[in-house]
Every structure is written in C-alpha cells, then in structure tokens.
Amino acid sequence: SAEVCFVDEGGRYDGDALFTKRKNQALAVKTADCLPLFLASGNYTGIIHMGWRSAEKGILDNISCDLTEFKVTLGVGLRKCCYQVGDEFGQYQNFKPFLEKRSSKLYFDPVSFAKHQLLNQGLKEDNFFDLNLCSLCHSFCCGKGWEKNFFSYRQNKTDSRTLSFILKI
C-alpha cells in the first residue's frame, strides 16, 4: 500500500511505512526482495517497505515529514542488477526514467527511483546511503559467507522474510 502510519504505541499497523517520535519505539518491516528504507532525524524515526506496488502508488510522496534533516539508508532488497520486470512497467510514467533494457529484458532501478523521489521532497543528497546489498544476487548468485543469508522470493518463492527494524532512542 501507499499508507504511511504515525505510531504512538506498539502494535501491528496496516501501512507500508511507519514513523514515530516516541523514544524506545522499535519499528519493523519484513521483506524478501522489496526494499526497506530506514529514516532518522532528530524528531522522527521511520521505516518503509517499498515494493513496486507501493512505489507506484506513491508511498514516498505520502511522507508528510520535512525530509531536510533526515538521513536515509536503504537495506537489503532487489537492485537494478536483478530487478527484472515485465514490459507492462513501461505504462507507469513515474518508473520510465528508472527502467533499462538489457538483452531484450527490462530492469527497474528502485534505488535511483527512491533517491530521486526523496531528493525532490527535500532530502539532502549527502544524507542518502545505500548498503548496496541485492537480495537476489547476494543471496544466491555471487554471495559468500554471511551474504548467503538474504531471502529472495523471486529466487525460490520462499515464505521466509528478512526482518528490518529501526529503534528511536
């Protein structure tokens, strides 16, 4: 969904983005190829589960916080190296600049998409960080050691998920 929830107490929320001002409040999302975004400022902490559907519906546009003081880090999820999509992605105008054709296949760059969207909302470029860990190729194609522990639904339809969390202290 493109739902952004502001959290005052623990519990389960229906949105794909959670923000809080409350200290000692952990926020968590589960992913297995979708991209988790961790956000922190002096006032707010947030986490976003960004899949292509929530991205297309405008989840990043729905953040009502002033992003000028935020730092954003992208966690483990699909990257442009492996995020193959169908030709129907060409119908989504907001995705077009982030699509690349390679060997007659179409690939989506969710990192550049997220960065572009967040910079347009006031995030400073120096406050955007990417762990650059692809859930697909780091978990199966070229992973070594601890990197093999990432879950990828696209690879094997796993029911397992990566738990990403952030804690406001």
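Reader: In what sense do S8 and S9 pair, and over how many bridges?

Author: Two strands pair if DSSP finds at least two bridges between them. Strands themselves are DSSP runs of E, at least two residues, and helices are runs of H or I, at least four; both are numbered from the N terminus. Here S8 and S9 pair in the antiparallel sense, over 4 bridges. Glu-100 has Tyr-107 in S9 as its bridge partner.

Reader: What kind of model is this, and how are residues numbered?

Author: The model is predicted: local features need pLDDT of at least 70, side-chain atom pairs count only at pLDDT 80 or more, and totals for chains, interfaces and linings use all residues. Residues are numbered from 1 along each chain as its sequence is written, and side-chain values use heavy atoms, with hydrogens and water left out.

Reader: How many residues lie between S8 and S9 in the hairpin?

Author: There are 2 residues between them. Ser-103 sits in the turn, with a positive phi of about 50°.

Reader: In what order do the strands of this open sheet run?

Author: The order is S7-S9-S8, with antiparallel pairing. Strand S7 (84-85) and strand S8 (99-102) each have a single partner strand, so they stand at the edges and one side of each lacks a neighbour in the sheet. S7 is joined to S9 (residues 105-108) by 2 bridges. Val-85 stands opposite Leu-106 in S9.

Reader: Now S2. Are its faces covered or open?

Author: Buried means under 20% relative accessible area, exposed over 50%, and partly exposed in between (1.4 Å probe, protein chains only). Both faces of S2 (residues 17-20) are covered. Ala-17 and Phe-19 are buried on one side, Leu-18 and Thr-20 on the other.

Reader: Which strands are joined to S2 by bridges?

Author: Strand S1 (residues 4-7) runs parallel to S2, with 4 bridges. Cys-5 has Leu-18 as its bridge partner there. S5 (residues 45-50) runs antiparallel to S2, also with 4 bridges. Ala-17 has Ile-48 in S5 as its partner.

Reader: How many helices and strands does the chain have, and what share of its residues is buried?

Author: The chain has 4 helices and 11 strands. Buried residues are 49% of its 169 residues.

Reader: How much space lies in the largest pocket, and which residues are closest to its centre?

Author: Work on a 1 Å grid over the protein atoms alone. A pocket is an open set of points with protein on both sides within 12 Å along at least five of seven lines; a cavity is a set where a 1.4 Å probe fits but cannot get out. Lining residues have an atom within 4 Å of a point. Points join across faces, edges and corners, and volume is the space filled by probe spheres set on them. The largest pocket holds about 410 Å³. Its lining has 18 residues; Arg-12, Tyr-13, Leu-18, Ala-28 and Val-29 are the closest to its centre. Strand S3 (residues 25-31) gives the most to that lining, with 6 residues.

Reader: What is the volume of the largest cavity, and which residues line it?

Author: Its volume is about 40 Å³. The count is 1 cavity of 30 Å³ or more. Its lining includes Asp-33, Cys-34, Trp-52, Tyr-83 and Phe-108.
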